[in-house]
Amino acid sequence: MLNQNSIFKVLLVLVLVGLCSLYALPNIYGEDNAVQISASRNATVTEALESKVSDILAANNISSKAIEFENEQILIRLPDSDSQLRARDLLDRELGDDYVVAMNLAADTPDWLEGLGGEPMKLGLDLRGGVHFLMEVDMNEAISKALEDAESDFRTALREEKLRYRSVDVRDGHIDIQFRDEETLDKAEFFLKNRNRDLTYQELDSLVLRAQFAETKLAEIRDYAVKQNITIIRNRVNQLGVAEPVVQKQGAERIVVQLPGIQDTARAKEILNATATLEFRMVDQDNDVRDAQQGRVPAGSQLLNDKDGRPVLLDKRVIVKGNHIIDANSGVDEYGLPQVSISLDSEGGNKMSRASRENIGEPMATVFIEYKATGDRDANGKLIFERHEEVINVATIRSQFGSSFRITGLDSPKEARDLSLLLRAGALIAPIQIVEERTVGPSLGQENIDLGMQAIVWGLFLVMLFMLVYYKAFGLVANIALAVNLIMMVGIMSMIPGATLTLPGMAGIVLTVGMAVDANVLIFERIREELRDGRSPQHAINQGYDSAFSTILDANITTFIAGLILFAVGTGPIKGFSITLMIGITTSMFTAILVTRVIVNAVWGGRRVSKLAI
């Protein structure tokens with residue numbers, strides 16, 4: 001008999017709709033106004049701090065719904081936005097610079113639902129409020145660092161090849177290598193051209209070989225600097241504890257950072273702008289540090305000061321840089337003194353192993369490097385950064401070590417925690433400057449949500465009213481499918497990791513509400529056509545669904561492809577719109593074709609029907 005439901009089809013609809021409904025449920029419970037406390041580089045969050053926070057709030061008559069300690073962060077749930085603002089200001093003042101105190105919104109999802117992985121949809125900056133930064137990478141510094149690496153590599157390679165040179169210097173975007181005679185210069189040029197194909201070479205007077213990066217290599221350096229800085233900024237944002245941040249490339253040299261829920265721009269800027277890193281170098285034992293203090297610094301050496309202002313003469317060659325560090329943890333050594341345990345990647349481990357094997361009994365220095373803005377700007381209006389270097393530790397190499405070792409000689413556990421946190425988050429490949437800064441208040445975000453919800457509700461109501469009036473009982477079936485479609489969209493958006501609902505995304509939902517009934521209109525019109533041609537109701541239903549399917553599929557696939565293109569080439573708001581559009585197309589096809597068919601078959605299928613209310 002026609003229009004019978006199979007068990008598989010019914011189970012498929014029930015399971016998928018039930019699953020999406022379950023994960024859409026957290027959005028009903030809403031969110032609490034909250035204050036979030038996380039450690040800055042100088043402290044750690046403990047349960048003792050939780051008690052202190054509770055006492056501070058009680059002493060100032062600020063009631064809280066709950067205080068939760070989890071993942072080295074304290075989350076204070078408050079009854080309203082006024083209490084949230086008072087608590088933030090109070091705790092920020094009482095706890096000082098050791099902690100990051102930020103306003104946020106915390107999901108009020110029940111524990112049983114959280115246990116199943118249920119979370120509400122993540123809201124973007126335009127809906128939740130927060131801070132927006134547009135940051136620009138200092139490409140000159142990125143290229144300078146690459147030249148310094150190439151200089152160090154030249155020194156090592158020429159020494160291993162036993163090709164004697166007078167000097168190797170970085171000058172104005174190129175490397176000049178001076179040799180003792182023409183024969184050595186020719187051999188070195190042949191050797192380096194085969195070894196470093198990313199550079200171009202030119203012979204100058206006075207037995208100088210000049211090396212410069214090729215244009216393709218410069219483009220690669222710039223792209224790498226932006227990509228690595230994005231990765232490191234994401235790590236730092238995670239340390240800040242921001243839910244669903246947006247960190248993405250914009251143009252060739254810029255990075256967009258959006259931190260929903262964060263209103264304290266000063267704290268965010270402090271963490272994002274930190275540019276410190278480490279370098280490990282050998283101490284120069286062959287030359288007198290007092291001569292260097294008089295201005296006679298030998299070629300290949302550099303004079304720096306340690307933390308107490310004492311001069312240290314170092315070899316310019318860098319054994320390992322901070323970008324090879326993959327993990328760092330603070331602790332104490334066997335004497336109870338603070339230390340930082342460091343793990344290197346394979347390349348850094350090999351370099352450290354080779355250097356320590358060749359220099360057993362020699363002192364090695366740990367150099368702390370930080371870039372600070374001078375306040376001045378160059379001819380292009382960009383901030384000028386100044387490089388500050390300081391020796392924080394000098395230790396004698398007792399034995400060969402590789403990818404794991406430790407730094408001792410630190411002044412305090414606080415300094416060890418500070419250093420380990422900074423190294424864990426990563427060092428920026430090149431300094432960055434904030435060229436645009438915006439704060440979106442939570443009240444404006446709430447207004448956007450309210451207006452967006454009104455648009456969705458009115459759009460849904462008018463479409464449902466039209467379908468009910470025009471298609472009668474079948475219109476009611478389409479309306480049920482439309483409601484299911486909206487629930488499934490919300491459920492899927494809540495399930496997808498990293499999916500964020502923005503204002504354009506809400507526009508995508510409104511558009512999908514209108515588009516979702518297109519398929520039902522095609523099906524219902526085909527059924528009416530079959531009835532006018534004298535077909536029986538059962539044959540009309542069957543033919544209506546079967547005949548309209550190919551048209552519905554073609555129309556939705558072309559729209560889905562357009563959404564894919566928008567997602568691939570768009571950024572920010574365009575991506576948010578395309579995601580909701582593609583999800584809406586998928587769910588509307590499922591509900592319009594499968595869900596309505598199951599309902600129609602259950603009501604009219606398998607029995608004699610003389611007339612259809614369509």
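I began with tryptophan 458, which is exposed at a relative accessible area of 53%, where exposed means over 50%, buried under 20% and partly exposed in between, with a 1.4 Å probe and protein chains only. Tryptophan 458 lies in helix α14, residues 442-495; helices here are DSSP runs of H or I with at least four residues, strands are runs of E with at least two, and both are numbered from the N terminus.

I noted for the record that this is a predicted model, in which local features need pLDDT of at least 70 and side-chain atom pairs count only at pLDDT 80 or more, while totals for chains, interfaces and linings use all residues. Residues are numbered from 1 along each chain as its sequence is written, and side-chain values use heavy atoms, with hydrogens and water left out.

I then looked at the surroundings of Trp458 and found a nonpolar surface patch that it forms with Phe461, Leu462, Leu465 and Val469, with about 550 Å² of accessible area together. The areas come from the Shrake-Rupley method with a 1.4 Å probe, and for residues only the protein chains shown count as cover.

I checked confidence next: pLDDT, the predictor's confidence in each residue from 0 to 100, has a chain mean of 80, and 88% of the residues reach 70 or more.

I turned to the strands, which pair if DSSP finds at least two bridges between them. Four of them form an open antiparallel sheet in the order β7-β8-β10-β9. β7 (165-171) and β9 (199-204) stand at its edges with a single partner strand each, so one side of each is left without a neighbour in the sheet. Between β7 and β8 (174-179) I found 6 bridges, and valine 168 stands opposite isoleucine 177 in β8.

Last, I looked up glutamate 47, which lies in helix α3, residues 47-59, and counts as exposed at 55% relative accessibility.

Technical notes. Patch = residues over 30% accessible without salt bridge, like charges linked within 9 Å, V, L, I, M, F, W, Y side chains within 5 Å. Salt bridge = Lys/Arg side-chain N within 4 Å of Asp/Glu carboxyl O.
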